[in-house]
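Trainee: I would like to learn how to read a protein structure. Could we go through one together?

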Amino acid sequence: MTELRALLRPELQGATPYGAPQLDVPVALNTNESAYPVPPVVVDQIAHDVAQVAATLNRYPDREFARLRELLASYLTKTSGEHVTADQVWAANGSNEVLQHLVQAFGGAGRTALGFTPSYSMHPLIAGRGGATWIDGLRDADPKRFDLDADLAVEQTKQHDPDLIFLTSPNNPTGTSIDLDVVRRVYDASDHAIVVVDEAYTEFARTGTRSALTLLPGRDRLVVSRTMSKAFAFAGARLGYFAAATELAELMRLVRLPYHLSSVTQAVACAALEHADTMLAMVERIKTTRDALVDGCLELGLQPVPSDANFVLVGGFADSATAWQALLDEGVLVRDVGIPHHLRITAGTAEENTAVLQALRTVTAAGR
Ligand code: PMP
């Protein structure tokens, strides 16, 4: 028998696949999805639109996904106050694929990508699988602090001179936002790096947080990526997108596979965007639950990190792995993100919040 693993590209030897557990548990709070189902009025619209598309599935989809780009551009314009046009928008099957397109275009062998750890675990994976060398930057000289130190970020950008830079705001897994001044300064610290601000969770930010979309004018190397997986409650539809300079968006055509967004994907995403207000109706409730989760954790003597996302990074556990298992034994699945003494917990429904706080009470009382 051939040892197939030995035939893999050298950089894949010893690699493990992405694997957030998909377990059947009463309370799943481990992947930052929305706990709320798609509202019936949007379900009806989707069913109607998909039925119409069904008869045309003999044909390839609109390769330029023109209507979807229009709707995404108007959503961004309406919510950020920054005028975004359809030709500035790119979309793909989840923002992971959007990021992959960026790496394929601007990363690759001999190129480097810099991120500030802890951050979204897929950034190094997507960069590395695309052949780029990943550089694990520091957020702060003190690893116990999770804010991104602007001076340190600038210093590391100059030191490593990367081709791609990933900033995440609000950051996963810490939930913390980045000041726009940090984005500005990191951008100015390089004259050639593509700077990607991953704003997957931006709709959950507390008031006063501004999107990096407002920095796009005059910054041709800046990319702001978004997703419909979180606030839009549409993770199963797989639709991510970015806004950037028109020319940068156009360059993505060099790396995408032809017809990468199916007619069905385009139809369901357009239906959801036409009902954006309805789809986003639960965001305020999720923010309330998130804040209640922070308060509840504080009452239990844990150390939650103040969050702008739909999850909370909670510190203060004796041992993360033991606490993770103890919570699972109580029927609650959360995420061990590899930060000692911390676990990441998604804000679910009010009932799920009660359940997770009850489980946390049991686990902390047992000294875990
Ligand atoms: N960026 C960040 C920061 C994320 O946390 C996630 C999902 N966990 C994504 C991007 C990818 O989301 P999707 O591919 O579902 O759009």
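Trainee: How many nonpolar, polar and charged residues are in the shell around the ligand?

Mentor: Good place to begin, and keep in mind that this is a predicted model. To read a shell, sort its residues by class and count each group. Here nine are polar, three are nonpolar and one is charged.

Trainee: Which residues come nearest to the ligand?

Mentor: The shell has 13 residues, and those that come nearest are Gly94, Ser95, Asn96, Thr227 and Ser229. Keep Asn96 in mind, as we will meet that name again in a helix contact.

Trainee: Now the helices, please. At what angle do α3 and α4 pack?

Mentor: For a helix pair, look at the angle, then the distance between the axes. Helix α3 covers residues 95-106 and helix α4 covers residues 122-129; they pack at about 40°, with 9 Å between their axes. Angles under 35 degrees count as roughly parallel, so α3 and α4, at about 40°, are oblique to each other. Their crossing is right-handed.

Trainee: Which residues make that contact?

Mentor: From α3 come Asn96, Leu99, Gln100 and Val103, and from α4 come Met122, Ile126 and Ala127. Sorted by class, five are nonpolar, two are polar and none is charged.

Trainee: Let me try another pair. Are α2 and α8 roughly parallel or oblique to each other?

Mentor: Start with the angle again. Helix α2 (residues 66-80) and helix α8 (residues 263-274) pack at about 30°, and their axes are 10 Å apart. That angle is why α2 and α8 count as roughly parallel. The crossing of this pair is left-handed.

Trainee: What residues meet there?

Mentor: Arg67, Leu68, Leu71, Leu72 and Tyr75 of α2 meet Gln266, Ala269, Cys270, Leu273 and Glu274 of α8. In this contact, seven residues are nonpolar, one is polar and two are charged.

Trainee: Let us step back to the whole chain. Into which domains is it divided?

Mentor: A domain can be built from separate stretches of a chain, so check the numbering with care. Domain 1 takes in 16-36 and 282-365, while domain 2 is 41-276. The centres of the two domains are 25 Å apart.

Trainee: How many residues of each domain are in contact?

Mentor: On the domain 1 side there are 20, and they touch 21 residues of domain 2. Within the domain 1 side, α10 (283-299) and β10 (311-315) each give at least two residues. By class, that side holds twelve nonpolar, four polar and four charged residues.

Technical notes:
Residues numbered from 1 in each chain as written. Predicted model: local features only at pLDDT ≥ 70, side-chain atom pairs only at ≥ 80, totals over all residues. Contact = placed C-beta atoms within 7 Å. Helix = DSSP H or I, 4+ residues; strand = E, 2+ residues; numbered from the N terminus. Nonpolar A, V, L, I, M, F, W, Y, C, P; charged D, E, K, R; others polar. Axes fitted to C-alpha atoms, helices over the stretch in contact; angles between N-to-C directions. Parallel < 35°, antiparallel > 145°, perpendicular 65-115°, else oblique. Left-handed = near helix turned anticlockwise from the far one by under 90°. Near = placed C-beta within 6 Å.
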